[in-house]
Structures are given as structure tokens and as C-alpha cells.
Amino acid sequence: LYITSGFRSFARQDFLYHREIELRGSETEAAKWVLPAQFSHHPHGLAIDVNYPGDKLGAYWLERHGSRFGLCRVYANEWWHFEGVIAPGGICPKMAENALVDMPDTGSIS
């Protein structure tokens with residue numbers, strides 16, 4: 001198990017989001033995978049990506065045991081993304097389909 005990405009500056013998160021727009025073709029599709037900096041938990045140090053893009057087995061271990069440490073997989077489409085959303089030993093919430101659920105319904109994303 002290894003952390004691929006944890007804390008990201010707002011500038012780095014913004015770069016990743018705009019790169020994802022280019023790859024996915026729209027802000028909405030991009031936000032399913034990479035949130036704009038103001039909505040992502042990475043710039044606040046509250047999210048980690050593990051074993052990406054390679055080892056799903058280690059990430060699966062964290063999915064099964066992460067609640068002991070307060071870490072939960074939060075998005076069904078991202079097997080590598082975990083956030084500190086509970087107190088250690090708590091029960092992880094049901095996963096959201098993708099990161100777009102964390103976006104406010106304001107029409108345009110950026």
C-alpha cells in the first residue's frame with residue numbers, strides 16, 4: 001500500500017481539473033473524476049489516492065480496513081481515492097457514484 005497523491009496545492013488541483021476537461025470534453029464529465037480546486041478535499045489534506053494506477057489489491061485492503069483509521073473510499077468510480085470522512089473505528093458511508101455529487105448545482109462548474 002502506498003500513497004500516490006495526498007495534499008495538492010490549489011494550483012495543482014486546478015491544473016489537474018483543466019487537464020481532465022481536455023481529456024473528457026466537458027466540465028461535467030471532468031468533475032466526475034477530478035474536482036475543481038475549491039471543491040476537492042486534496043488541497044485541504046483530507047484525501048489520498050493510493051496505489052494508482054497499478055495495484056488495486058492494496059487499495060482493496062484499505063477499502064476493507066480503512067475505517068479503523070478513519071479512511072473511506074468515497075467514490076464508486078475511483079478505486080484509489082480515500083478520504084478521512086469518519087472518526088477512526090466508525091462506519092464508512094455508502095459510496096457516491098462519482099465526485100460530481102460533491103458539486104453544487106449551479107449550472108457552470110468553473
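Which pattern does the protein chain follow when read along the sequence? The pattern is β-α-α-β-α-β-β, made up of 3 helices and 4 strands; helices (H or I, at least four residues) and strands (E, at least two) are DSSP runs, numbered from the N terminus. This is a predicted model, in which local features need pLDDT of at least 70 and side-chain atom pairs count only at pLDDT 80 or more, while totals for chains, interfaces and linings use all residues. Residues are numbered from 1 along each chain as its sequence is written, and side-chain values use heavy atoms, with hydrogens and water left out.

**Overall dimensions**
- The C-alpha atoms of the protein chain fill a box of roughly 40 × 30 × 25 Å along the principal axes.

**Burial and contacts**
- Of the 110 residues in the protein chain, 41% count as buried (under 20% relative accessible area; exposed is over 50%, partly exposed in between; 1.4 Å probe, protein chains only).
- Taking contacts (heavy atoms within 4.5 Å) between residues at least 6 apart in sequence, 53% join residues at least 24 apart.

**Trp33**
- Trp33 sits in the loop between helix 2 (27-31) and strand 2 (47-50).
- Trp33 is partly exposed, at a relative accessible area of 27%.
- Leaving aside neighbours within four places in sequence, Trp33 is in contact with Glu20, Arg24, Asn77, Glu78 and Trp80.
- Trp79 lies 46 residues from Trp33 in sequence, and the two are 11 Å apart in space, C-alpha to C-alpha.
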